[in-house]
Amino acid sequence: MSNGPSVFIQLAGERDCPEVVVEDELGSMVTVRVPLVPPDDCATGRAPGT
């Protein structure tokens, strides 16, 4: 039996924003990064919607 994808939550991701990282090294060899805060809001230090 093989393991499935790995899921990580990083508080300071590649763009210094919180993000979720999904890695599938066994099957598709793909890494997907999903920011939890829009990059423009993170870059300015603003809270979303303000």
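Two strands are said to pair if DSSP finds at least two bridges between them, and this idea is needed to follow the strand pairings described below. The model discussed here is a predicted one.

**The sheet**

The three strands form an open sheet in the order E1-E2-E3, and their pairing is antiparallel. Strand E1, which covers residues 6-10, and strand E3, which covers residues 30-35, are the edge strands, each of them pairing on one side only. Neighbouring strands in this sheet are turned against each other by 15 degrees on average, with direction ignored.

Between E1 and strand E2, which spans residues 19-24, the antiparallel pairing runs over five bridges. Within this pairing Gln 10 stands opposite Glu 19 in E2, while Ser 6 has Glu 23 in E2 as its bridge partner.

**Glu 19 and its salt bridge**

Which residue forms a salt bridge with Glu 19? The partner is Arg 33, and the closest N and O atoms of the two residues are 2.6 Å apart. As a general point, side chains of opposite charge can pair when their charged atoms come close.

Is Glu 19 buried or exposed? Glu 19 has a relative accessible area of 7%, and because buried means under 20%, this residue is classed as buried. Arg 33, by contrast, is partly exposed, with a relative accessible area of 34%. When residues up to four places away in sequence are not counted, Glu 19 touches a set of residues that includes Phe 8, Ile 9 and Gln 10, and also Arg 33, Val 34 and Pro 35.

Val 7 lies in strand E1 and is exposed, with a relative accessible area of 57%. Leaving out residues up to four places away in sequence, Val 7 touches Val 20, Val 21 and Val 22. Val 7 and Val 22 are 15 residues apart in sequence, yet their C-alpha atoms are 4.6 Å apart in space.

Leu 11 is found in the loop between E1 and E2, and Leu 11 is exposed, with a relative accessible area of 73%. Together with Ile 9 and Leu 36, Leu 11 makes a nonpolar surface patch of about 370 Å².

The table below gathers the accessibility values of the residues discussed above.

| Residue | Relative accessible area | Class |
|---|---|---|
| Glu 19 | 7% | buried |
| Arg 33 | 34% | partly exposed |
| Val 7 | 57% | exposed |
| Leu 11 | 73% | exposed |

Terms used
Residues are numbered from 1 along each chain as its sequence is written. This is a predicted model: local features need pLDDT of at least 70, side-chain atom pairs count only at pLDDT 80 or more; totals for chains, interfaces and linings use all residues. Side-chain values use heavy atoms; hydrogens and water are left out. Helices (H or I, at least four residues) and strands (E, at least two) are DSSP runs, numbered from the N terminus. Axes are lines fitted to C-alpha atoms, for helices over the stretch in contact, and angles run from 0 to 180 degrees between N-to-C directions. Buried means under 20% relative accessible area, exposed over 50%, partly exposed in between (1.4 Å probe, protein chains only). Contact means heavy atoms within 4.5 Å. Patches are made of residues with over 30% relative accessible area and no salt bridge: like charges are joined within 9 Å, nonpolar side chains (Val, Leu, Ile, Met, Phe, Trp, Tyr) within 5 Å. Accessible areas come from the Shrake-Rupley method with a 1.4 Å probe; for residues, only the protein chains shown count as cover. A salt bridge is a side-chain nitrogen of Lys or Arg within 4 Å of a carboxyl oxygen of Asp or Glu.
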